[in-house]
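Open the model in your viewer and follow the stops below in order. Each stop names a selection and then says what is there.

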Amino acid sequence: MSGECASGRAKVRARDIVGAKGSRRLVMVTAYDYPSALAVDRAGVDMILVGDSLGMVVLGLDSTLQVTLEDMVRHTSAVARARPCALLVADMPFMSYEPSVSRAVESAGVLVRAGAEAVKLEGGSEYADRIRAIVNAGIPVVGHIGLTPQRMHRLSGYRRQGKTEEEVKRLLEDARSVEEAGAIALVIEYTKADAAKRITEEVGIPTICIGSGPHCDGQVLVLHDIIGFSTFTPPFAKRYADVFNVIVEAVSRFTSEVRRGVFPEPHHYK
Ligand code: KIV
């Protein structure tokens, strides 16, 4: 075990993410708690994202809009206690950066104190000043454009972005602004694959896609979608396991054994 991080590989730093462009594909996966962070990190991902998707995935909320900075701090610190070798990125929740540049820097600082090594925020040109100020405060930033769930009302729901030439032009402008503001990488969510390809070719920072096709510098998925432990799996996610039914099966057996007087067995209490 390395002293610096728990899974015994080299610690991933912000500069490793920037330097990966054009040389290797990046992998980002969400984790919201200590044991899942240990497992995801052991799997060798480059970045662990404490996403505000936690509101829907583990808190049962119907959007990310209700997720607070306090929620993000609680989950970021749980993930940080796993001492991941992956870069730990925490999402800035709704209204933790929109009101002002100073609010954005303060909120990012709160997440870093909780253990984040970078923060991610949704939005393009309109939040470039927030990104620049956070970077100037010494905190790496990951941008996020395309479908930005915190703007779901303005976008009129969770719809694929970049469908028209005008939308693609706006996405390209947003991507350039995020890069110029100093972001280390850019998440592109749920756009047409061609739009993500054009952005990936245009910017010098790695693009990490979710539901935006194969032409990006990396991919991100929500852990619970990968392992089959979410109540809703988006069409662009791939399930690699069926953890929900593994839990149902294990707890059903426990329930049955308790009721039949089979559990506990002598070695459990002697
Ligand atoms: O909150 C989240 O999990 C995210 C990913 C979907 C990129 O932002």
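A residue counts as buried under 20% relative accessible area, exposed over 50% and partly exposed in between, with a 1.4 Å probe and protein chains only. The model is predicted, so local features need pLDDT of at least 70 and side-chain atom pairs count only at pLDDT 80 or more, while totals for chains, interfaces and linings use all residues. Residues are numbered from 1 along each chain as its sequence is written, and side-chain values use heavy atoms, with hydrogens and water left out.

**Stop 1: aromatic pairs**

Rings of Phe, Tyr and Trp (for Trp, the six-membered ring) pair if their centres lie within 6.5 Å; planes under 30 degrees apart count as stacked, over 60 as edge-to-face and the rest as tilted. A search of the whole structure finds three such pairs. Select Tyr190 and Phe236, a tilted pair with 5.4 Å centre to centre and 45° between the planes. Tyr190 lies in the loop between strand 6 (185–189) and helix 8 (193–202), and Phe236 in the loop between helix 9 (223–226) and helix 10 (243–260), so the pair ties together parts 46 residues apart in sequence. Helices (H or I, at least four residues) and strands (E, at least two) are DSSP runs, numbered from the N terminus. Tyr190 is buried, at 18% relative accessible area, whereas Phe236 is partly exposed at 29%.

Next select Phe254 and Phe263, an edge-to-face pair with 5.5 Å centre to centre and 70° between the planes. Phe254 is partly exposed at 46% relative accessibility, and Phe263 is partly exposed at 31%.

**Stop 2: two buried residues**

Select His224 in helix 9. Is His224 buried or exposed? With 8% relative accessibility, His224 counts as buried. Leaving aside residues up to four places away in sequence, His224 touches Tyr32, Val57, Val58, Phe229 and Ser230; contact means heavy atoms within 4.5 Å.

Move to Thr200 in helix 8, buried at 9% relative accessibility. With residues up to four places away in sequence again not counted, Thr200 touches Lys21, Ile188, Thr207, His215, Cys216 and Asp217.

**Stop 3: helix 4 and helix 5**

Show helix 4 (residues 69–80) and helix 5 (residues 101–113), whose axes come within 9 Å and cross at roughly 25°. Axes are lines fitted to C-alpha atoms, for helices over the stretch in contact, and angles run from 0 to 180 degrees between N-to-C directions. The two helices are therefore roughly parallel. Angles under 35 degrees count as roughly parallel, over 145 as roughly antiparallel, 65 to 115 as roughly perpendicular and the rest as oblique.

Which residues of helix 4 and helix 5 make the contact? Helix 4 contributes Leu69, Met72, Val73 and Thr76, and helix 5 contributes Ser107, Val110 and Leu111.

Ser77 is also in helix 4 and is buried, at 17% relative accessibility.

**Stop 4: helix 5 and helix 6**

Val101, Ala104, Val105 and Ala108 of helix 5 meet Asp129, Arg130, Ala133 and Ile134 of helix 6 in the contact.
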